[in-house]
Amino acid sequence: MSSYYLNYLEELESEAIYILREVWAQFQNPVILFSGGKDSILVTHLAKKAFHPAKIPFALMHVDTGHNFPEAIKFRDDLVEKLGVRLIVGSVQESIDKGRVAEEKGKNATRNALQITTLLDTIEEHKIDCAIGGGRRDEEKARAKERFFSHRDDFGQWDPKNQRPELWNLLNGKHFEGEHFRAFPISNWTEMDVWNYLTKEGIEIPSLYLAHEREVVRRNDSWIPNSEFLKLEPNEEIVKKKIRFRTLGDITITGGIESDADTMEKIVEEVSTMRETERGNRSDDKRSETAMEDRKKEGYF
């Protein structure tokens, strides 16, 4: 009798596909949270594999802050058209216009936390019972506490101290009316795993992840890209640098790193030598030691 072995990327892929199929089996109206970033691209690709030759059975859902990288929005729209899936968009600007949230003021103002209200409103409006995200445990200590199936109460809140056990890959998606789940099929992946897999599979990514010249300003120990939303301080100066982004969020808070990695193979080589987490250049995570966990308890991604 011959033996069959999986390498580590195949094991991660198999685990993620199992979780995606469990989501489809246990929930009535699940969606994939999609931002145009590498992790949501990876989850969408895995969903494509999980249900091939059928179409992806999930809609893609994007919480649009209005402060996105134009390249990420174009990538999102092109992929939706290519896959022939439904796109649900929740607008932070609409939430502001309706008085649901208030715009932040000041130099480091961001719409990042405002996404919580828009996300929960969109989930309620479309009666979504599970939102599949690309969160990974190696990204940030709060995300390391998540289960594969992460329960949210009827207020959309997460209680990290009261999560359901997940023994022997048994996943419990039972919930009361008004509650929902977040599912994280790539929780066990690292940044290096993601890049190795994207490279192996030849998956297309936004050019923002590759090194290129861009106008930036030095702020909070990061290179913040110039945009119509950036308000310069008297001592700040816009310069041109060859940079790339390790993670994508709002254009106002996503810091780039100086790099010559203009191919995916070079990115893999670069990531292998890095000692700082990929979210180290996100200014929204620098507000406090517990910034991410505080947001997640309120209903953040």
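This is a predicted model: local features need pLDDT of at least 70, side-chain atom pairs count only at pLDDT 80 or more; totals for chains, interfaces and linings use all residues.
Leaving aside neighbours within four places in sequence, which residues is Ile-132 in contact with? The contacts are Leu-20, Val-23, Val-31, Ile-32, Leu-33, Val-43, Phe-58, Ala-183 and Pro-185.

Next, select Phe-58, Trp-189 and Trp-195 as well. Together with Ile-132, these residues have the most contacts inside the largest nonpolar core, which has 55 residues. Among the elements that give two or more residues to this core are helix H1 (8–26), strand S4 (130–132) and helix H6 (191–201). Domain 1 (8–194 + 290–298) and domain 2 (204–286) each supply at least three residues to this core. Val-31 belongs to a second, separate core of 14 residues, which also includes Ile-88, Ile-96 and Ile-128. In soluble globular proteins, nonpolar side chains tend to be buried together.

Now colour the strands. Six of them make an open sheet of mixed pairing, in the order S3-S2-S1-S4-S6-S5. Strand S3 (87–91) and strand S5 (149–152) are at the edges with a single partner strand each, so one side of each has no neighbour in the sheet. On average, neighbouring strands are turned by 30° against each other, direction ignored.

Zoom in on S1 (residues 30–33), where Leu-33 is found. Leu-33 has a relative accessible area of 11%; because this is under 20%, Leu-33 counts as buried. S1 pairs with strand S2 (residues 59–64) in the parallel sense over three bridges, and Ala-59 in S2 is the bridge partner of Val-31.

Finally, show the helices. H1 packs on the sheet, touching S1, S4, S5 and S6. Helix H5 (residues 115–125) lies across S1, S2, S3 and S6, at about 145° to S2.

Definitions and conventions. Residues are numbered from 1 along each chain as its sequence is written. Side-chain values use heavy atoms; hydrogens and water are left out. A nonpolar core is a set of buried Ala, Val, Leu, Ile, Met, Phe, Trp, Tyr and Cys residues joined through side-chain atoms within 4.5 Å. Buried means under 20% relative accessible area, exposed over 50%, partly exposed in between (1.4 Å probe, protein chains only). Helices (H or I, at least four residues) and strands (E, at least two) are DSSP runs, numbered from the N terminus. Domain bounds come from an automatic or database domain assignment. Contact means heavy atoms within 4.5 Å. Two strands pair if DSSP finds at least two bridges between them. Axes are lines fitted to C-alpha atoms, for helices over the stretch in contact, and angles run from 0 to 180 degrees between N-to-C directions.
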